[in-house]
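Subject: Structure for you to look at

Hello,

Here is the structure I said I would pass on. Please open it beside this message and follow along; my notes come after it.

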Amino acid sequence: MKVCQITGKSAQVGNNVSHSNKKSKRRFSPNLKNKRFFLEEENRWVTLKVSAAAMRTINKKGLASALKEAAALPKIY
């Protein structure tokens, strides 16, 4: 299942709308990438499946605080 491990973002459901305004269901997948981060507190590399928004959050707040906030999020998957 495509779920970001930091933000918890997952696929959303919407409609494809044709020129004649017919609607059919589709899925909007999150922009996920597998990325390695270095966790300085434990002196090791961590591989996470994160969204582009989560990468910006990690750059801004740091990996340790982002992981701490992600642990506080309820697990929906």
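The buried residues of helix H1 are covered by parts of the chain that include strands E3 and E4 and helix H2. Please keep in mind that this is a predicted model. H1 spans residues 52–61, and its buried residues are Ala53, Ala54, Met55 and Ile58. After H1 comes Gly62, which has a positive phi near 100°.

Next, the core. The largest nonpolar core has 14 residues, and the ones that touch the most other members are Cys4, Ile6, Phe37, Leu48, Val50, Ile58 and Leu63. At least two residues of this core come from each of E3 (32–39), E4, H1 and H2 (63–72). Leaving out residues up to four places away in sequence, Ile6 touches Leu48, Val50, Ala54, Ile58, Ala66, Leu67, Ala70 and Leu73.

Now the strands. E3 and E4 run antiparallel and are joined by eight bridges. Leu32 has Ser51 in E4 as its bridge partner. Ser51 belongs to E4, which covers residues 44–51. Is Ser51 buried or exposed? Its relative accessible area is 3%, so Ser51 counts as buried, the cut-off being under 20%. Apart from residues up to four places away in sequence, Ser51 has contacts with Cys4, Thr7, Lys9, Asn31 and Leu32.

The other pair of strands is E1 (residues 12–17) and E2, also antiparallel, with six bridges between them. Within this pair, Val13 is placed opposite Arg27 of E2. How many of the six residues of E2 are buried? The count is zero, and E2 (residues 23–28) is hardly covered.

In the hairpin of E1 and E2, five residues lie between the strands, and Asn21 has a phi near 70°. Asn21 is not a glycine, yet its phi is positive. Its relative accessibility is 49%, so Asn21 is partly exposed. In the hairpin of E3 and E4, four residues lie between the strands, and Asn43 has a positive phi near 55°. Asn43 is exposed, with a relative accessible area of 60%.

Last, the rings. The count of aromatic pairs is one. Phe38 is partly exposed at 35% relative accessible area, and Trp45 is partly exposed at 49%. Trp45 also has a charge over its ring: the charged end of Arg36 sits there, 4.4 Å from the ring centre. Another such case is Arg26, whose charged end sits over the ring of Phe28, 3.9 Å from the centre of that ring.

Regards

Notes:
Residues are numbered from 1 along each chain as its sequence is written. This is a predicted model: local features need pLDDT of at least 70, side-chain atom pairs count only at pLDDT 80 or more; totals for chains, interfaces and linings use all residues. Side-chain values use heavy atoms; hydrogens and water are left out. Buried means under 20% relative accessible area, exposed over 50%, partly exposed in between (1.4 Å probe, protein chains only). Two strands pair if DSSP finds at least two bridges between them. Contact means heavy atoms within 4.5 Å. Rings of Phe, Tyr and Trp (its six-membered ring) pair if their centres lie within 6.5 Å; planes under 30 degrees apart count as stacked, over 60 as edge-to-face and the rest as tilted. A charge sits over a ring if NZ of Lys or CZ of Arg is within 6 Å of the ring centre and within 35 degrees of the ring normal. A nonpolar core is a set of buried Ala, Val, Leu, Ile, Met, Phe, Trp, Tyr and Cys residues joined through side-chain atoms within 4.5 Å.
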